[in-house]
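Hello,

Here is the structure you were expecting. Please open it alongside this email; my notes follow below.

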Amino acid sequence: MAIQNIFNTVKGRVETARKQSREAFKAYMDTQKKALDVVSANAQSLAKTEIGAAKDVYAAAKASFEKARQDGVRQVASKPQDYVPASRDTVVSAYKETLDLLVKTGNELSTVVNKGYKSVRDKLTGKKPAARKTAAKRKSTTTTRKTTARKSTARKSAATRKSGNGTAATTASS
């Protein structure tokens, strides 16, 4: 009889652990999918930025080379700065966009991973996610502030009526 109780207890625990591990694995896979979506979308944006900048730099270099070839060696030797492609702004803006995109991707991935970690942890421990603050709680705080402001205004008005003028009431209440 005691062995049967132990067996049933162990069986129940194993079934619970199996269910929790399945849910945790599902949460893990969902998190991985979200992370992959974030990375792939931002990688595509990064590729478009870099390819666009590379095309602009190439076009500027090609135009500069053609101009130098038409003008000849003497013209290029006398003023070489005129034949340098003007693509510095393109490269700098692409660099800044790349940095911004990498920071954005890092922040998004951090959020996804933290939520995924918490979800997996909650599935393994069997906890339900914490409830969010409700709008009713925020509304009651705002209502309390308005009520307090009305009361203080009413006190000032009563003091003003008793004295007959606002400056005397201020001096009397001080």
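**Salt bridges and the rest**

At 58% relative accessibility, Arg-69 counts as exposed. The cut-offs: buried is under 20% relative accessible area, exposed is over 50%, and partly exposed is in between (1.4 Å probe, protein chains only). Arg-69 forms a salt bridge with Glu-66, with the closest N and O atoms 3.8 Å apart. A salt bridge here is a side-chain nitrogen of Lys or Arg within 4 Å of a carboxyl oxygen of Asp or Glu. Glu-66 is partly exposed, at 31%. Both residues lie in helix H1, 3 residues apart, about one turn of the helix.

Before going on, the ground rules. This is a predicted model, with residues numbered from 1 along each chain as its sequence is written.

By the same rule the count comes to 4 salt bridges. One of them joins Lys-26 and Asp-30, with the closest N and O atoms 3.8 Å apart. Both lie in helix H1, 4 residues apart, about one turn of the helix. Lys-26 is exposed, with a relative accessible area of 55%. Asp-30 is partly exposed, at 36%.

Another pairs Glu-108 with Lys-104, at 4.0 Å from N to O. These two lie in helix H3, 4 residues apart. Both ends are partly exposed: Glu-108 at 29%, Lys-104 at 41%. Side chains of opposite charge can pair when their charged atoms come close.

**Overall fold**

The chain has 5 helices and 0 strands. Helices (H or I, at least four residues) and strands (E, at least two) are DSSP runs, numbered from the N terminus. Of the 174 residues, 12% count as buried. The chain exposes about 14500 Å², and carbon and sulfur atoms supply 59% of it. Those areas come from the Shrake-Rupley method with a 1.4 Å probe; for residues, only the protein chains shown count as cover. Residues 24 or more positions apart account for 75% of the contacts with a separation of 6 or more. Contact means heavy atoms within 4.5 Å.

**Helix H1**

H1 covers residues 2–71. At 1.5 Å a residue, its 70 residues should span 104 Å; the end C-alpha atoms are 101 Å apart, which agrees. The expected span is 1.5 Å times one less than the number of residues. Just after H1, Gly-72 takes a positive phi of about 100 degrees.

What do the buried residues of H1 pack against? They pack against helix H2 (73–78) and helix H3 (88–125). Among them are Gln-20, Thr-31, Ala-35 and Asn-42. Take Ala-35, which counts as buried at 13% relative accessibility. Leaving aside neighbours within four places in sequence, Ala-35 is in contact with Leu-109 and Val-112.

Finally, Ile-6, Val-10 and Val-14 form a nonpolar patch on the surface, with about 270 Å² of accessible area together. Patch members have over 30% relative accessible area and no salt bridge; like charges are joined within 9 Å, nonpolar side chains (Val, Leu, Ile, Met, Phe, Trp, Tyr) within 5 Å. Val-10 itself is partly exposed, at 44%.

Best wishes

Notes
Predicted model: local features only at pLDDT ≥ 70, side-chain atom pairs only at ≥ 80, totals over all residues. Heavy atoms only, no water.
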